[in-house]
Amino acid sequence: MSHDLLQMHLKAVISCLVIVLYKVHTTKAGQFFSSGHTNNWAVLVCTSRFWFNYRHVANTLSVYRSVKRLGIPDSHIVLMLADDMACNYRNPKPATVFSHKNMELNVYGDDVEVDYRGYEVTVENFLRVLTGRLPPSTPRSKRLLSDDRSNILIYLTGHGGNGFLKFQDSEEISNMELADAFEQMWQKRRYNELLFIIDTCQGASMYERFYSPNLMALASSQVGEDSLSHQPDLGIGVHLMDKYTFYLLEFLEEVHPASQANMNDLFKVCPQSQCVSTPGHRTDLFQRDPGSVLITDFFGSVRKVEITKDTINLTSPVEPPIKRSGSSDIQIESLTYVDQLPVAEIIHQKPKQKDWHPPDGFILGLWTLILLVFFQTYGIKHLKHIF
Amino acid sequence: MGLLSDPNRRKALTGLLTRLNTPICIVCYLAGIVWFMGLAFEPFTLRTYMSENAMGSTMVEERFSSGERALSLAKEFDAHKRKAGGMPVEWLVKAMQSRGLEVFTQSFSRKLPFPDENKERYMVRGTNVYGILRAPRAPRTEALVITAPCSPGNTNNQAVALLLALAQYFRNQIYWAKDIIFLVNEHDLIGTQAWLEGYHHTNITGMEYSPLQGRAGSIQAALSLELSSDVITSLDLVLEGLNGQLPNLDLANLFYAFCQKLGVLCTIQGKLQRNDWDTAEGYTHAAQTMMLMVLKQACGRSWGDHGLFLRYHIEAASVRGINSFRHYKTDATTIGRLLEGMVRKLNNLLERLHQSYFFYLLPSLSRFVSIGYYMPAFGLLAVILLLRALDLWVHLGAPALAAVDGVTEAEQPSSPGVLTVLTPVVISHLTGVALYLLPVHLQEMAVEHFPVSETEAVVLTAIAIYTAGLALPHNTQRALYAVVMVLLSPAFTILYCVFIYQELIEAPVSVSEGWMLFLSVISQGILDHALYGSLVYPLLALFIYPCWLMFWNILFWN
C-alpha cells in the first residue's frame with residue numbers, strides 16, 4: 001500500500017516536474033516568438049543635395065553605421081543618398097564624411113554601399129521601394145524584399161515643412177502619401193512592425209496621418225518648430241550634423257547587440273534642453289508596449305538561439321513551433337504561413353478563397369466504386385457508351 | 001456714374017487740379033527731397049544680411065600665412081618693373097609658372113580719341129598676364145577671377161605680390177570647385193577691358209587685342225585688389241562700376257562679414273562707420289556716405305578695375321588698402337586671410353549671386369537702402385511732371401475757363417502750326433547731336449586754329465557748342481528767368497556736383513581748382529564713353545541737353 005503510495009507520489013512529482021518544465025519551456029518558446037519578427041530591414045533616406053546640406057548625408061550615414069554595427073547586413077539595407085558629399089569637389093578631405101567636428105568620426109567608412117544615389121533618390125523611387133512595385137529589371141540591392149515577419153526601420157532626413165518633405169529641391173512627398181504607402185505595405189504583408197524616424201523641420205507632421213497598425217514613429221521636432229543643426233567644422237566649412245541625429249548617434253553608440261535598452265529610452269533621446277526643438281513620438285498604432293520593445297528589434301539583426309534537448313520534427317515546416325507529445329495543456333493554434341498574423345482581429349476581411357486541387361486518391365477510388373455499382377445495376381451495355 | 005465719366009465731378013476734379021497745381025508740385029518736390037535725405041537716417045534702413053544660402057556664414061578656417069613673403073615679393077616686383085620700364089612680362093610669367101598655374105599673355109593696343117591728360121597716355125599698348133589655377137577635381141565649367149593692376153611707379157606692387165602669394169597657397173588646396181584666374185592687367189581699365197572682351201569674344205569698344213589662348217569657363221565672381229603700402233590700416237570697398245552698375249549686395253555682405261570676423265577696419269567711400277546714428281553728426285556722416293555713392297554712380301565711370309566685369313553679369317568688387325596712419329595696423333597675412341575666406345565662400349556658390357539686391361544705396365557698410373525704398377522719392381519728382389502735363393492739357397482743352405468778371409471771352413487762340421513747333425525741337429536735337437559728335441571730330445581743326453592741346457580743344461569745343469545753343473533772340477524782361485535757367489543747366493549742375501563731391505570727400509577746392517576739375521571731368525566723360533562705353537556723356541548730350549534747350553526756347557518764345 002505504501003509502496004503504491006510512494007509510486008503515486010513519485011509519478012505525481014515527476015509529472016509535476018514535467019509539467020513545470022514544460023511550462024517553463026513553453027513560456028520561453030512563447031517568448032521566443034512573441035516579438036514576431038524573424039528578419040530586419042532598414043531604409044535610410046537622405047533627401048537633400050548640395051554642399052551646404054552636408055549634414056543630412058552625415059545624419060543618414062551615422063544611422064547606417066549604427067545599423068550595420070548592430071548586425072543588419074548591406075543586403076538588408078536600402079541606403080538612398082541624394083548627393084555625394086565624400087567626393088564633392090569642395091570636400092577638403094575627400095572620401096570622408098564626418099559627424100563630429102575636429103574630424104573625430106568618419107561615418108563614411110570603408111565599406112559603404114549606397115543603393116540609390118544622386119538623382120535616383122526621388123519620391124517615386126522611394127515609394128516604389130516601400131511598396132515593392134519595381135520594374136522586373138531592378139537589381140536585388142535596390143529592392144526592399146521584406147515579408148510579414150520583417151521589422152523595418154525607416155529613417156528620413158532633409159528639409160521639410162508642415163506635412164511635407166522636400167526631395168532634391170524639386171519635389172515633395174506629403175504625409176498622406178507616406179501614410180498610404182505604409183497602408184499598402186501592411187496590406188501586402190510587407191512588414192511585421194515598422195519604426196519610422198524623421199529628422200527635419202516640423203517632422204511631427206509627417207507621422208500625423210498614419211493609420212496602419214504596428215507603426216511607431218519618432219520625429220525631431222513638433223509642427224511649427226525647426227530642427228537645428230549641431231556643430232560646424234571650420235576646416236570643412238559646413239555644419240556636420242543635425243542636433244537630433246547627433247544625440248541619437250551618441251545614444252546608439254552605447255547600444256550593443258545584447259543590449260536590453262528599449263523604446264522608452266529612445267524617446268528620451270535629445271530632450272528640449274539639448275535639441276532646442278521638442279522631439280515627438282507616436283505609439284498608438286503599435287500593438288506592443290514600447291517598454292517591451294528592444295532597440296535591437298529595429299536597429300539590429302538579432303538571431304536568437306534556442307537550445308533543446310528533445311528531437312524536433314523538421315520535415316513538415318508548417319507544424320506548430322513546439323510539439324510536446326502527450327501534452328495538450330497549451331493549445332497552439334496551427335497556423336498556415338499566410339495566416340500567421342492575427343489579421344481578422346485587426347481588420348475585417350473576407351476569408352481567402354481556397355485554390356482548387358484535383359481530387360486525390362481516396363475520392364477517385366470512391367467515384368470509381370460508385371460508377372461500377374451504377375453500371376452493374378443498370379447493365380454493362382451502358383459501359384459501351386463510355387468506352 | 002464713375003468719377004471721371006461724370007462731367008460735373010470731372011469738372012470739379014480738373015478745377016481742383018488747376019487751382020492747386022503749384023502747391024501740390026511744391027509739396028511733391030519737397031517731399032521727394034526730404035524722403036531721399038531721410039533714407040540715411042538709420043532707423044529707416046535695414047541691416048545687411050547674407051541672402052545666399054550656399055555661401056552661409058563665415059565658418060571657414062583661414063590658414064594663409066605667407067604675408068611676409070608677399071611683401072618681399074613686392075620689392076622684387078618693383079625692381080623688375082623699373083628695369084622693364086612697364087610690365088615685367090617674363091618675370092610674371094615665370095613667377096606664375098613656378099607656382100603651378102597655366103600662364104597666358106594677351107597683348108592689346110588702343111588709340112585714344114584724344115590724349116588723356118590725367119593719366120598722360122594717348123597711344124596705349126600693353127600686355128595682360130594671367131594664370132589659371134585649375135580645380136583639382138572639378139570640371140572646368142566655372143571660374144573666379146582675382147585681379148591686381150600693374151600700375152606705373154610705386155603703386156600696387158603689394159597687390160601683385162599678394163596675388164602671387166595667394167596663388168601659391170591656393171595651389172596647395174584641394175577643395176576648389178571652380179578654376180581661379182589670377183590676372184595682372186596693364187593700363188588698369190583699358191587692360192581689363194581688353195581681357196574681358198577677349199574672354200567673352202566681344203568687341204564693343206573698338207579695341208585691338210590678341211585672342212586669349214587659355215580659358216576657364218564662365219566667371220562667377222571677381223575681386224580686384226589695390227594695395228600700395230606694406231602697412232594697411234583699413235580696407236576700402238569699392239562697388240560702383242561702369243554706368244553706375246553695382247554688384248550684388250551679397251558680395252558687399254561677404255566682405256563685411258569677413259572684416260568683422262578677422263577684426264579688420266573696413267570702410268566704404270573711405271568713411272568709417274559711426275555708432276551714433278541719433279546725433280546730427282552721425283546722420284550727416286551717413287547722408288554724406290550715401291550722397292557720395294549717388295554721385296559716383298551718376299558720373300558713370302568705373303571707380304575700380306572691377307567695374308567693367310559687371311557688364312558681363314559677373315559680380316565684382318574692388319578692395320583697396322588704405323594707409324591712414326592710424327594706431328591699429330593690419331598686416332598682409334590678415335588681408336590674405338580675408339581674401340582667402342572670401343574666395344573660399346565664393347567657391348561654395350552653386351549659381352551666380354542673385355539672391356540679394358542689385359540696386360541699393362549704402363549709408364554705411366552694415367546698413368542698406370534698397371530700390372524699393374529710394375524709388376518713391378524719384379516717383380514723387382516724376383509726379384510733378386505728370387501734374388504739370390495734366391494742367392497744360394486741361395488748359396489747352398478748355399480755353400473758356402478763363403472767365404473775367406462773368407464775361408467769357410470766346411477767344412479762339414490760333415493753334416500753332418506743326419512747323420513752328422517742330423523747328424525748335426529739331427534744332428535742339430541737332431544741337432545735341434553736334435555736342436555729341438563734333439568735339440572729338442573737330443579737334444584737329446581746333447588745334448590748327450587755336451593754341452591749345454587736343455584735350456583742351458575737345459573740352460572747349462564742347463563748351464562752345466553748348467553756349468552757342470543759348471543764342472536765341474531774347475528780351476531782357478525775362479533776364480531773371482534766363483539767369484535761373486542757365487544756373488540750372490546741365491553744365492552748371494555738373495559744376496555743382498564737382499564742388500559737392502570735393503566737399504564730401506573732405507578735400508574742398510577753390511573756384512579755379514574746381515573749374516579745372518570741371519574741365520577734366522568733361523574730358524574724362526568723353527573718354528569713358530569712347531573707351532569703355534559709358535553712357536553718361538551720350539545721355540547728357542543727346543537727351544538732357546536738347547530738353548534743356550527746348551525749355552530755353554519756350555522761355556523766350558515770342
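In chain B of this predicted model, strands S1, S12 and S11 form an open sheet of 3 strands in the order S1-S12-S11, with antiparallel pairing. Strands are DSSP runs of E of at least two residues, helices are runs of H or I of at least four residues, and both are numbered from the N terminus; two strands pair if DSSP finds at least two bridges between them. S1 and strand S11 (360-364) of chain B stand at the edges with a single partner strand each, so one side of each has no neighbour in the sheet. S11(B) is joined by 3 bridges to strand S12 (residues 367-370) of chain B, and the two run antiparallel. Within this pairing, Tyr360(B) stands opposite Ser370(B) in S12(B).

Residues are numbered from 1 along each chain as its sequence is written, and chains are lettered from A and ligands numbered from 1 in the order in which they are written. Local features need pLDDT of at least 70 and side-chain atom pairs count only at pLDDT 80 or more, whereas totals for chains, interfaces and linings use all residues; side-chain values use heavy atoms, with hydrogens and water left out.

The secondary structure of chain A comprises 11 helices and 12 strands. Of the 387 residues of chain A, 46% count as buried, where buried means under 20% relative accessible area, exposed over 50%, and partly exposed in between (1.4 Å probe, protein chains only). Among the contacts in chain A with a separation of 6 or more, 73% involve residues 24 or more positions apart; a contact means heavy atoms within 4.5 Å.

An unreviewed UniProt entry lists His159(A) and Cys201(A) under "active site"; UniProt positions are given in the numbering used here, feature names are shortened, and annotations may be inferred rather than shown by experiment. The two residues span 43 residues in sequence, yet no two of their C-alpha atoms are more than 6.5 Å apart, so they gather at one spot. His159(A) lies in strand S5 (residues 159-161) of chain A and, at 23% relative accessibility, counts as partly exposed. Not counting residues up to four places away in sequence, His159(A) touches Thr47(A), Ser48(A), Asn53(A), Arg55(A), His56(A), Leu165(A), Lys166(A) and Thr200(A). With one of these, Asn53(A), the side chain of His159(A) makes a side-chain polar contact of 2.8 Å. A polar contact is a pair of N or O atoms within 3.5 Å; within protein, one must be able to donate a hydrogen and the other to accept it, and residues adjacent in sequence count only if both atoms are side-chain atoms. Cys201(A) is placed in the loop between strand S8 (193-199) and strand S9 (215-219) of chain A. Apart from neighbours within four places in sequence, Cys201(A) contacts Gly160(A), Gly161(A), Ser221(A), Glu225(A), Asp226(A) and Ser227(A).

Rings of Phe, Tyr and Trp (its six-membered ring) pair if their centres lie within 6.5 Å, and planes under 30 degrees apart count as stacked, over 60 as edge-to-face and the rest as tilted. The rings of Phe374(A) and Phe375(A) have centres 4.8 Å apart and planes at 75 degrees, so this pair is edge-to-face. Phe374(A) is partly exposed at 39% relative accessibility, whereas Phe375(A) is buried at 10%. In chain B, Phe41(B) and Tyr283(B) form an edge-to-face pair, with 6.2 Å centre to centre and 70 degrees between the planes. Phe41(B) lies in the loop between helix H2 (21-38) and strand S1 (46-47) of chain B, and Tyr283(B) in helix H8 (residues 280-298) of chain B, so the pair ties together parts that are 242 residues apart in sequence. Phe41(B) is partly exposed at 29% relative accessibility, and Tyr283(B) is partly exposed at 23%. Ring pairs also link Phe64(B), Tyr169(B), Phe170(B), Tyr175(B), Trp176(B) and Phe182(B) into a cluster.

Lys142(A) lies over the face of Tyr116(A), at 5.2 Å from the ring centre, and the charged end of Lys296(B) sits over the ring of Trp303(B), 5.0 Å from its centre. The criterion requires NZ of Lys or CZ of Arg within 6 Å of the ring centre and within 35 degrees of the ring normal.

Thr431(B), in helix H11 (residues 418-441) of chain B, is buried at 15% relative accessibility.
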